[in-house]
Amino acid sequence: MSNDPSNDSQQGLWTFVVEGIRAAIPIAVGYLPIGITFGLLARAADIPTYITMLMSLVIFAGASQFVGINLIALGSNCGEILVTTFVINLRHLLMSASLAPRIEPGYSKGWLSLMSFGITDETFTVASTHTAQHLKPEFLLGLNLLAFTTWNIATWIGLFLAAGIPAAVKTSMGIALYVMFIGLLAPACRHFRAALFIALAAMLVHSVLYYLPFAAAMAAGLKIVCSTVIAALLGAMFFPGEEDEF
Amino acid sequence: MKYVLLVFGMGLVTYLPRMLPIVFLNNINLGSFWQNFLRFIPYAALGALIFPGILYSTGNVDSAVCGGLVSLLLAIVRVNITLVVLGGIAGVYLWNLIM
């Protein structure tokens, strides 16, 4: 923490880390079943155990990892797998750009690049709907730490204790991350009219790309990127004067 | 060994889009239109992530709608987000149990 420019005491910084860990609890609830499923599927696809564990350690992105084991199992070539992984996660480019101005200024590039490793759909949405005006890197550290740890432990559980969770509970837990998104969106919509408009616009655009045949060839990740960009642009066009309402 | 290199490659192409904007846009001043655009990204991303993906998250559209509605209701009456998540899971579980 030697790069910290502020005058907070060490103890003050720890409260931000703890706050981040607490904010990550709903993410952890959602990551458990998905990480376990990942471990199970990887085992079913005959991926070597150490490769599966390595994926959760160095990639830390659910969609990439699921598609990755799928493509590896299908015998796809490495170039194909890398391009697909890249496209799937292009949306993180937007999320990172959106977080950038909200992070407390003055932290080193080293700190920022460390924090950015933990950006996922879930940590991003929790961080960006956090009410503090500036996001402390210590808060993000706590948030990412619990999310990352849970993801990896869940992967191991999936690999080693495959039969542990009853099937009925596991299928029910598939909805966990989606309803967490609902829980994050609802308060924003209550305080801020544009948020509801923008979220509904994104749902509409995504549905069009999802169901209409003309976009069938688009990768799932690219559809999310396009829907997000279009809805945010519409928001910026229709709500030009709302920047002070956050 | 081939797989180890592949996994590190996947890690790299996943990491770069996360890292580049946050490191290089941190101190840049954008116009108000683009500032708003970036600030609206979370709501847009949440919308796109929720729908229609939620419908197919449980293998059964009806149970997913049930779980989604339970969570929406809990979110509207402002309960803690962990309870919103647990309520949604319970909604799906009970639907599958009863129907």
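What percentage of the 246 residues in chain A is buried? Buried residues make up 46% of chain A. Keep in mind as you look around that this is a predicted model.

## Chain A at a glance

A compact globule of 246 residues would have a radius of gyration near 18 Å, and the 19 Å of chain A agrees with that. Among contacts in chain A with a separation of 6 or more, 79% join residues 24 or more positions apart.

## Where the chains meet

Now let us turn to the partner chain. In total, 61 residues of chain B are in contact with 82 residues of chain A. On chain B, the elements giving two or more residues to this side are helix H1 (2-24), helix H2 (32-50), helix H3 (61-76) and helix H4 (81-98). H2(B) gives the most, with 18 residues. By class, the side of chain B that touches chain A has 40 nonpolar, 19 polar and two charged residues.

## One helix pair up close

The axes of H12(A) and H2(B) come within 7 Å and cross at roughly 40 degrees, which makes H12(A) oblique to H2(B). The crossing is right-handed.

Residues making this contact include A:Ala195, A:Ile198 and A:Met203 of H12(A), along with B:Phe40, B:Tyr43 and B:Leu46 of H2(B). The contact of H12(A) with H2(B) has 13 nonpolar, two polar and no charged residues.

Terms used. Residues are numbered from 1 along each chain as its sequence is written. Chains are lettered from A and ligands numbered from 1 in the order in which they are written. This is a predicted model: local features need pLDDT of at least 70, side-chain atom pairs count only at pLDDT 80 or more; totals for chains, interfaces and linings use all residues. Two residues are in contact if their C-beta atoms, placed from the backbone, lie within 7 Å. Helices (H or I, at least four residues) and strands (E, at least two) are DSSP runs, numbered from the N terminus. Ala, Val, Leu, Ile, Met, Phe, Trp, Tyr, Cys and Pro count as nonpolar, Asp, Glu, Lys and Arg as charged, and the others, Gly among them, as polar. Axes are lines fitted to C-alpha atoms, for helices over the stretch in contact, and angles run from 0 to 180 degrees between N-to-C directions. Angles under 35 degrees count as roughly parallel, over 145 as roughly antiparallel, 65 to 115 as roughly perpendicular and the rest as oblique. A crossing is left-handed if the near helix is turned anticlockwise from the far one by less than a right angle, and right-handed if clockwise. The radius of gyration is taken over C-alpha atoms; the globule rule is 2.2 Å times the number of residues to the power 0.38. A residue is buried if 20 or more other C-beta atoms lie within 10 Å of its own, exposed if 12 or fewer, and partly exposed in between; C-beta atoms are placed from the backbone.
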